Amino acid sequence: MRLALIGTGLIGGSAAWAMKQAGIFTAVTTCDLSASALEKALVMGIADRTETSVAAAVADADAVMVAVPVLAMKSVFAEVARNAKTGTLITDVGSVRGRVIDDARQVLGAHFADYAPVHPIAGGEMPGVEYADASLFVKARAISTPVAGMKNEAVDFWETAWKAAGSDIYRMTPEEHDAIFADVSHLPHVLAYALVDAMEKSPQAEEKFSFVGGGFRDFTRIAASSPAMWRDICLANRDALLASITRFEAELSELKRAVAEGDAEAMTTVFTRASNRRRTVKVPVKQKP
């Protein structure tokens with residue numbers, strides 16, 4: 001069974017590699033505009049064939065995984081619809097569900113029935129297929145968001161493929177997904193980018209960056225992620241992200257007031273409530289083999 005991977009980066013490369021090793025696919029065609037990324041995928045053993053054209057990549061594929069920035073997915077889906085065989089199983093790995101599913105429904109046509117997206121909750125701050133890891137998804141969560149019009153066979157196939165890659169499957173609606181991940185993923189990325197950029201524009205920036213420690217490192221690690229990918233995520237999940245930003249602004253404004261007025265009690269209340277909650281949160285830690 002041949003997979004066509006459209007977008008040869010960290011997540012797509014890791015997924016194709018993991019599913020190939022698990023026996024879901026026996027062959028992988030990678031497609032990308034970057035000749036360097038395609039060459040790396042070949043050398044690493046992720047791909048046995050490469051293409052720079054979506055049409056050529058999907059023409060003989062039995063399954064297609066789209067792993068490009070979310071606002072680029074609609075045009076890719078349109079190319080897939082024009083060139084894929086009837087019955088080709090289609091998925092994407094995007095971090096936004098509502099907008100991407102709507103785009104897929106608009107342009108995939110009859111192929112929409114064979115489409116079922118899954119969002120893997122794993123990754124790394126460094127983009128690029130050279131950072132791909134076939135074990136990236138072991139014991140990680142993967143969110144399946146089936147909706148009306150998607151065949152059960154397509155949903156079951158991709159859920160099985162992700163289980164084979166090591167993931168635990170969770171199902172939710174696209175609306176639930178986008179509201180949750182606006183808070184737990186999209187907003188943290190916005191804050192990390194904002195903090196680093198604010199420091200970059202501040203007086204004595206170079207000196208400040210020379211003194212950063214573990215707290216700054218941990219808080220801002222994700223600011224090294226792909227700007228194009230996160231730009232698209234923010235725009236595609238605009239409404240849910242704006243709601244998250246508004247809640248955070250209100251919290252930050254209250255803390256700003258407490259600092260300005262020397263209100264130690266208010267600060268202690270917020271810090272204590274947050275500290276107690278954070279200590280109960282179990283954050284998966286990826287253990288390298």
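Strands β6 and β7 run antiparallel and are joined by four bridges. β7 covers residues 141-144. Within this pairing, His 119 stands opposite Ile 143 of β7. The model is a predicted one.

The two strands belong to an open sheet of three strands. Its order is β6-β7-β8, and its pairing is mixed. β6 (118-121) and β8 (168-171) are the edge strands, each pairing on one side only. On average, neighbouring strands here are turned by 25° against each other, direction ignored. Helix α6 packs on this sheet and touches β6, β7 and β8. The direction of α6 makes about 145° with that of β8.

The charged end of Arg 141 sits over the ring of Tyr 170. It lies 4.6 Å from the centre of that ring.

## The five-stranded sheet

A second sheet is also open, with five strands in the order β3-β2-β1-β4-β5. Its pairing is parallel. The edges are β3 (49-51) and β5, and each of these strands pairs on one side only. Neighbouring strands are turned by 20° against each other on average, direction ignored.

Strand β1 spans residues 2-6 and pairs with β2 in the parallel sense over five bridges. Arg 2 has Ala 27 in β2 as its bridge partner. Helix α1 lies across β1, β2 and β4 (63-66). α1 runs at about 170° to β1. Helix α6 packs on this sheet too, touching β1, β4 and β5. Its direction makes about 60° with that of β5.

## Thr 30 in strand β2

Where does Thr 30 sit? Its place is in strand β2. Is Thr 30 buried or exposed? Thr 30 has 0% relative accessibility, so it counts as buried.

Neighbours within four places in sequence are left aside here. Beyond them, Thr 30 is in contact with Leu 5, Thr 8, Leu 38, Ala 41, Ala 47, Arg 49, Thr 50 and Glu 51. Asp 263 is another matter: its C-alpha atom and that of Thr 30 are separated by 57 Å. The two residues are 233 residues apart along the chain.

## Aromatic pairs around Phe 25

How many aromatic pairs does the count come to? It comes to seven. One of them joins Phe 25 and Phe 157. Their ring centres are 6.1 Å apart and their planes stand at 65°. The cut-off for edge-to-face is over 60 degrees, so this pair is edge-to-face. The pair links distant parts of the chain, 132 residues apart. Phe 25 is in the loop between α1 (10-21) and β2 (27-31), whereas Phe 157 is in helix α6 (residues 152-164).

Both partners count as buried. Phe 25 has a relative accessible area of 1%. Phe 157 has 19% relative accessibility, and the cut-off for buried is under 20%, so Phe 157 falls on the buried side.

Phe 25 also forms an aromatic pair with Trp 158. This pair is tilted, at 6.1 Å centre to centre and 45° between the planes. Phe 25 lies in the loop between α1 and β2 and Trp 158 in helix α6, so the pair ties together parts that are 133 residues apart in sequence. Trp 158 is buried, with a relative accessible area of 0%.

## Helix α5 and its buried face

Which residues of helix α5 (residues 98-108) are buried? They are Val 100, Ile 101, Asp 103, Ala 104 and Leu 108. Seen down the axis of α5, these buried residues fall within an arc of 160°, so they line one face of the helix.

What do the buried residues of α5 pack against? Their partners are α4 (73-83), β5 (89-92) and α7 (174-200). Of these, β5 is an edge strand of the five-stranded sheet. Just after α5 comes Gly 109, which takes a positive phi of about 60°.

Note on methods:
Residues are numbered from 1 along each chain as its sequence is written. This is a predicted model: local features need pLDDT of at least 70, side-chain atom pairs count only at pLDDT 80 or more; totals for chains, interfaces and linings use all residues. Side-chain values use heavy atoms; hydrogens and water are left out. Rings of Phe, Tyr and Trp (its six-membered ring) pair if their centres lie within 6.5 Å; planes under 30 degrees apart count as stacked, over 60 as edge-to-face and the rest as tilted. Buried means under 20% relative accessible area, exposed over 50%, partly exposed in between (1.4 Å probe, protein chains only). A charge sits over a ring if NZ of Lys or CZ of Arg is within 6 Å of the ring centre and within 35 degrees of the ring normal. Two strands pair if DSSP finds at least two bridges between them. Axes are lines fitted to C-alpha atoms, for helices over the stretch in contact, and angles run from 0 to 180 degrees between N-to-C directions. Contact means heavy atoms within 4.5 Å. The arc is that of the directions from the helix axis to the C-beta atoms.
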